[in-house]
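Have the viewer open as you read.

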Amino acid sequence: MNPLLGRRHFLHGSLGAGLALTLPGRALAATAPATAASTTPYERRVLASAHAQAARVGDAVWRKDIVGMADFALPSWKPRLHFANLENGTVRSFLLAHGRGSDPEHSGWLQSFSNAPGSLATSRGAFLTCEWYKGKYGTSIRLVGLDDDNSAALERLIVVHPAWYADAAMLDKYGKLGRSEGCFAMGDADFKQALWHLSGGRLLYADRIGEG
């Protein structure tokens, strides 16, 4: 059996109602994205990677309009979580914090990935975005790891959540974002965009892409 399809079966089966998807009935108003013709070479690289990863995971995700691409080749002071719209060829980008275990010296650059429980590090690989719920960090988006490199995401409680230390105001004061405990942490306003446009069965992919 395809391990990715098997993980989708696991999501629907043994986890039961605790991970039932909640699909938003409306979307928050957002600024109009740039047209596809105006995308930069880097954005085209992001879109190409999003298409490739969506094809790789196949039916392990069931909403294929938008793919979240977290590019940890970029430092935390640059927008590096990209919403790649595969239907209209546009990209919207947001600030994103990485885990303390991935950057022990707090340089602002991710140094390494880890899937180990207790590592406080960011994991690489494909994640299925599930339902939103109220937890330690308020409203958060649950994630299921689809690859060997992030298979412990549920066990580690790796989620997408809002955090004060991931807000743009941190750049004005410190020149970089704070660090999470391995979660994908965003500023509050940006997280609302993820809540409506990235949750509910879509793909979030984390790795190093780079600006070329």
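An open sheet of eight strands, in the order β3-β2-β1-β8-β4-β5-β6-β7, has mixed pairing in this predicted model. Two strands count as paired if DSSP finds at least two bridges between them. At the edges stand β3 and β7 (184-186), each of which pairs on one side only. Neighbouring strands of the sheet are turned against each other by 30 degrees on average, with direction ignored. Axes here are lines fitted to C-alpha atoms, for helices over the stretch in contact, and angles run from 0 to 180 degrees between N-to-C directions.

A word on conventions. Residues are numbered from 1 along each chain as its sequence is written, and side-chain values use heavy atoms, with hydrogens and water left out. Since the model is predicted, local features need pLDDT of at least 70 and side-chain atom pairs count only at pLDDT 80 or more, while totals for chains, interfaces and linings use all residues.

**The chain as a whole**

The protein chain has five helices and eight strands, following the pattern α-α-β-β-β-β-β-α-β-α-β-α-β along the sequence. Helices (H or I, at least four residues) and strands (E, at least two) are DSSP runs, numbered from the N terminus. Of the 212 residues in the protein chain, 50% are buried. Buried means under 20% relative accessible area, exposed over 50%, and partly exposed in between, with a 1.4 Å probe and protein chains only. Among contacts (heavy atoms within 4.5 Å) in the protein chain between residues at least 6 apart in sequence, 65% join residues at least 24 apart.

How many of the five residues of β8 are buried? Five of the five are, so the strand is largely enclosed by the rest of the structure. L203, Y205 and D207 point one way from β8, while L204 and A206 point the other way. In general, side chains in a regular strand alternate between the two faces of the sheet. On one side, β1 and β8 pair in the parallel sense over five bridges, and G68 stands opposite L204. With β4, strand β8 pairs in the antiparallel sense over four bridges; A126 has Y205 as its bridge partner.

R202 lies in the loop between α5 and β8 (203-207), and at 4% relative accessibility it counts as buried. The side chain of R202 makes a polar contact with the side chain of D65 at 2.8 Å. A polar contact is a pair of N or O atoms within 3.5 Å; within protein, one must be able to donate a hydrogen and the other to accept it, and residues adjacent in sequence count only if both atoms are side-chain atoms. Not counting residues up to four places away in sequence, R202 also touches several others, including V61, F127 and W196.

Helix α5 (residues 188-197) lies across β1, β2, β3, β4, β5, β6 and β7, running at about 55 degrees to β5. Strand β5 (residues 138-145) pairs with β6 (residues 159-162) in the antiparallel sense over two bridges. R142 stands opposite V159 in β6. R142 also lies over the face of Y133, at 4.2 Å from the ring centre. For such a charge over a ring, NZ of Lys or CZ of Arg must be within 6 Å of the ring centre and within 35 degrees of the ring normal.

**Aromatic rings**

The structure holds six aromatic pairs. Rings of Phe, Tyr and Trp (its six-membered ring) pair if their centres lie within 6.5 Å; planes under 30 degrees apart count as stacked, over 60 as edge-to-face and the rest as tilted. Two of the pairs are set out here.

| Pair | Centre distance | Plane angle | Type |
|---|---|---|---|
| W77 and W109 | 5.7 Å | 90 degrees | edge-to-face |
| W164 and Y165 | 5.7 Å | 85 degrees | edge-to-face |

W77 is partly exposed at 33% relative accessible area, and W109 is partly exposed at 37%. In the other pair, W164 is exposed at 66%, whereas Y165 is buried at 13%. Ring pairs also link F72, F113, F127 and F184 into a cluster.
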